[in-house]
Amino acid sequence: MTDKPGLLAVEGISKSFVGFKALDGVDFTVRPGEIHALLGENGAGKSTLIKVLTGVHQPDAGVIKIDGQPVAMRDTQHAQHLGIGTVYQEVNLLPNMSVADNLFIGRQPMRFGFVNRKLMEKQALELLAQYDLHLDVSSDLSRYSVAVQQLVAIARAVDMSGRVLVLDEPTASLDRHETEILFAILRQLRARGFGIVFITHFLDQVYEICDRVTVLRNGKLAGSALTAELPKIDLVSLMLGRALAVATHNTRHDRPVPAIKPFSFKGLGRSRSIAPFDLDIGEGEVIGMAGLLGSGRTETAKILFGIDAADTGHIRIDGHPVLIRTPQDAVACGFGLCPEDRKSDGIIGDLSVRENICLALQAQKGWFNRLSSREQISLADKFVKALDIRTTDIEKPIKFLSGGNQQKVILARWLATNPRFLILDEPTRGIDVGAHAEIIALINRLCDDGMALLVISSEIEEIVAYSTRVIVLRDRAHRGEISGDDITTSNIMQMIAAESEGASA
Amino acid sequence: MNTRLLPLCATLLICLIAYAACVFQFPAMFSTRVAGNLLTDNAFLGIAAVGMTFVILSGGIDLSVGSVIAFTGVLLAVLITHYGVHPLIAFAIALLITTAFGASMGAIIHYLEVPSFIVTLAGMFLARGMCFVMTTDSIPIDHPFYTALQGLFYRLPGGGRLTFIGCLMVLVFLVGIVVAHFSKFGSYIYAVGGNRTSAELMGVPVARTTIGIYAMSGFLSGLAGIVFSLYTSAGYSLAAVGVELDTIAAVVIGGTLLTGGVGYIAGTFIGVIIQGIIQTYIVFDGTLSSWWTKIVVGVLLFSFIALQRILVFLSLKRTTATSGG
Ligand SMILES: Nc1ncnc2c1ncn2[C@@H]1O[C@H](COP(=O)(O)OP(=O)(O)OP(=O)(O)O)[C@@H](O)[C@H]1O
Ligand SMILES: [Mg+2]
């Protein structure tokens, strides 16, 4: 296995955060010309390992070696000098600066001691063209969507990496096309002898592009192998430390569609956001919403929940007309929404896990009707157990949880309000295989309890696994509906594809 | 249009309207004499405001500015009048001390992670206290070099005087603009103000930048102190009380966001000039109390902060409408 010397290697790395051992004696080697997947459950320590590798955190024990020479990684700048380009999980760029600034900050082209803006913008355009991105590079980064920002971060890291490229869940918010472009670039870099570390929860992508996998479990090294020699089943058991209970395949298709639909939305729409649509949902129904990124899925959720006011249409609940103009109105009607972008819409970093879970319920009860500490603790404990949220205790500030575990806390927040109608926008993004199955099981359970659910997801298999009906969106409009036994992966794919062809024809 | 430029344009518009209104009432205000005085009278304020703009752009605040100006004035007076030091050497000593003072505040802010408000508040008391330790009297400065500098001006057509200190302020603004938009250091300042954690992860030398920003603010406060001492020919411990607040007002009126990351040095220049115009108007009127300056500045500040909130709100709405899946 040690045919080639390690380009970047760590030996016996340990790292603790206030008594909690996030990494415990981990060895990890990246060889030149390989794409190396780093896998593990939420909270296994992947991001922490990356941060130690790139000088964000200092290890408590262990050495980092580059070309076999031990180095003391001082800070992120030092890592960059050594040719390591990184995209961290929290894609952190500078929204207040231009796209070009974001790409080149710290290494702007200079002329006579001054930043040569013109050249910088020209180089930025060329760089982004490789990713099929054509942006106004002099305008603020904040104008662009999360996916574009992610690509900008990747472009920056790739351009900076001399030899090693580290990507922490880069594909979480990319669509298929964007992922393809990224993979093409990674293959090129691999051919040029780069060592690439790739973290993801999409196991298909691991088998598509990675040469080798290393698995972490609870901060320890669980194993490392060539991808080709490791079947998926074994990989999953390596990650979880147990065999995955096979997700029961959908039994929901043949359920009778409930005759009474208490939630009725007629002709709801908003100009330049989503074309008017009708939607009726009955109790115990799960509506899956499929479509490409930017097809109007999130916009639909925002209108239903009153975040964006609808220009047209009306809403009836139990036959009574209601007005939903703000999220408060929606919550009062028994709605819940678990948003897509947990970083800006979801978590409150400095509040504890307990407080983050109780937030929505408290808001619903009104601030004068305070939940007692005992109620809060029991509520938090219940959800930490139910969703398997990995945290040392419920008083930990949520910003110290791993990305996937933060996502679970947001889900818990809305489940705690016990809504009649719950909208989940990408509930499984960034969540590991084990928790993924649990969340699907949870959706099924909620539906059995009579909750009405609307689930937006980019993973079609997942939609197939729990939906009673599926709505397909394209170009900011609802284009069609599939129900019963017609709900299959290929049908949904066909519907998305057929329609895009229709558009291009 | 870029919403980022909107506050700047609003400031410029207000400045022009205010000036036009003044000229309409007192046609004599339309002269190079008034323009020249505007620069001279606000030179120390403008220089200090450039430093403050950098600090606020980085998401911090520097409350020590006024005290450092007074400290510099007293130090110069003591050195020149009591010890007979040549003004140029005294200037160098003063700038060295104020820069080091700013740098140490920056180091405390960065390494001990204390909010800049607290650290510079302490710095404000410390500098003011040092003035009183040196002397409690007002010490006049009478040196041929001072007289020479004060007599140095370029006569504009129409009788206006472009004085040495007025030119110095304009120069400082020009250098400030170049630093902000055409140097790496400038981009680091915006980066730290935009998002400190991100900047750190992107490899921006946050420690060096933070220390540099406060050192620069200290240096410019020292320079403002030198200008102030040239302007008044004296050093007095109780001088320049509250100037830091005037500079903050100029920065905010100039369209810089108090939360950091967004703003322009040029806007601050207009902010300073607006304050100057109001003061000149009051002088011309002759019956108004000079406290009217404060009232008008107060009203302007409120309107600008309201304008900024509205803009931030609008741009947030716009980005959420265009993103998402
Ligand atoms: N700064 C910190 N302070 C305290 N605990 C931390 C800190 N950073 C990480 N942790 C803890 O270390 C553990 C590992 O977190 P890490 O972010 O490395 O997980 P991960 O494998 O990247 O998970 P995910 O797939 O969810 O992103 C988590 O339990 C987390 O709570
Ligand atoms: Mg992570």
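In chain A, the lining of the largest cavity draws at least two residues from each of helix H2 (76-81), strand S6 (84-87) and helix H5 (146-160). Helices (H or I, at least four residues) and strands (E, at least two) are DSSP runs, numbered from the N terminus. The model is predicted, and local features need pLDDT of at least 70, side-chain atom pairs count only at pLDDT 80 or more, and totals for chains, interfaces and linings use all residues. Residues are numbered from 1 along each chain as its sequence is written, chains are lettered from A and ligands numbered from 1 in the order in which they are written, and side-chain values use heavy atoms, with hydrogens and water left out.

The largest cavity holds about 210 Å³ of space. A cavity here is a set of points, on a 1 Å grid over the protein atoms alone, where a 1.4 Å probe fits but cannot get out, and lining residues have an atom within 4 Å of a point. Grid points are joined across faces, edges and corners, and the volume is the space filled by probe spheres set on the points. Three cavities of 30 Å³ or more are counted in this way. The lining of the largest one comprises 19 residues, and those nearest its centre are Thr86(A), Val87(A), Tyr88(A), Leu201(B) and Met202(B). By type, the lining has 11 nonpolar residues (Ala, Val, Leu, Ile, Met, Phe, Trp, Tyr, Cys and Pro), two charged (Asp, Glu, Lys and Arg) and six polar (the others, Gly among them).

Turning to chain A as a whole, 17 helices and 22 strands are found. Its radius of gyration (over C-alpha atoms) is 24 Å, close to the 23 Å that the globule rule (2.2 Å times the number of residues to the power 0.38) gives for 505 residues, so chain A is as compact as a globular protein of that length. The C-alpha trace of chain A spans about 70 × 50 × 50 Å along its principal axes.

Pro170(A) sits in the loop between strand S9 (164-168) and helix H6 (176-191) of chain A, and its relative accessible area is 0%. Beyond four places in sequence, Pro170(A) is in contact (heavy atoms within 4.5 Å) with Gln150(A), Ile154(A), Leu182(A), Phe198(A) and Ile199(A). In chain B, Thr72(B) belongs to helix H4 (residues 65-82) and is likewise buried, at 0%.

Technical notes
1 Å grid on protein atoms, 1.4 Å probe; cavity = no way out; pocket = protein on both sides within 12 Å on 5 of 7 lines; lining within 4 Å. Buried < 20%, exposed > 50% of the residue type's maximum accessible area, 1.4 Å probe, protein only.
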